[in-house]
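Hello,

Here is the structure for you to look over. My notes on it follow below.

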Amino acid sequence: MAGDNYMLIRLLRQNLLQLLQLLLRDPAVNLAGDGAVQQHNAPCAEAEHMRLIALLMIPRAVKLLRDALKVLLEETPDGLNLDEVRTHLENIPHVVAVHDLHASTVSTGMPMLMAHVVVEPGMSMDQAANVLSQLQDCLREHFPVSVPHTTFQLEPEGYDSPSAGEMHR
């Protein structure tokens, strides 16, 4: 839970900085601000300029809010089809099945994926490391959304655990 709070604070800070950047760098906002300075003695003109600045901020604020909600709701990243990912991962040599597959966005633009991967029994550590490398390469290179942050739990085929009944596809 502490990690979730840290990520939320980090995301909110990032969004605030992006809004500040919009105010300072957007040429239309700067032009409106120049007009407000020139018309300093005209309260109506200044109010109109402030409305223009607010209107210019709305689309960016809506996008930032939408991105923040996607992170908080742990939505699957746009453009990443988990059924296709599962099929592709299951075609890697020595991989028998993939379950408990989850993808989300940790922060704006940083997708992550977690999965339990059932592998052939009796694999050596070198073979398991090779499978792990292929799984990671697959997610970085073969899909429209590159997933640089992955967590895989390798399980030998036939592995049984007390939580086996809770596993899902």
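His99 sits in strand β1, residues 95–107. Helices (H or I, at least four residues) and strands (E, at least two) are DSSP runs, numbered from the N terminus. This is a predicted model: local features need pLDDT of at least 70, side-chain atom pairs count only at pLDDT 80 or more, and totals for chains, interfaces and linings use all residues. Residues are numbered from 1 along each chain as its sequence is written, and side-chain values use heavy atoms, with hydrogens and water left out.

His99 is buried, at 9% relative accessible area. Buried means under 20%, exposed over 50%, partly exposed in between (1.4 Å probe, protein chains only). The side chains of His99 and Asp100 make a polar contact of 3.4 Å. That term means a pair of N or O atoms within 3.5 Å; within protein, one must be able to donate a hydrogen and the other to accept it, and residues adjacent in sequence count only if both atoms are side-chain atoms.

Next, α4, residues 82–90. Its buried residues are Val85, Arg86 and Leu89. They lie on the same side of α4, because they cover an arc of only 100° around the axis. The arc is taken from the directions from the helix axis to the C-beta atoms. Asn81 caps the N-terminal end of α4, with a side-chain oxygen 2.9 Å from the backbone nitrogen of Asp83.

Last, α5, residues 125–141. Ala128, Val131, Leu135, Cys138 and Leu139 are its buried residues. Their arc is only 90° around the axis, so they share the same side of α5. The face turned away from that buried side carries exposed Met125, Asp126 and Glu141.

Best wishes
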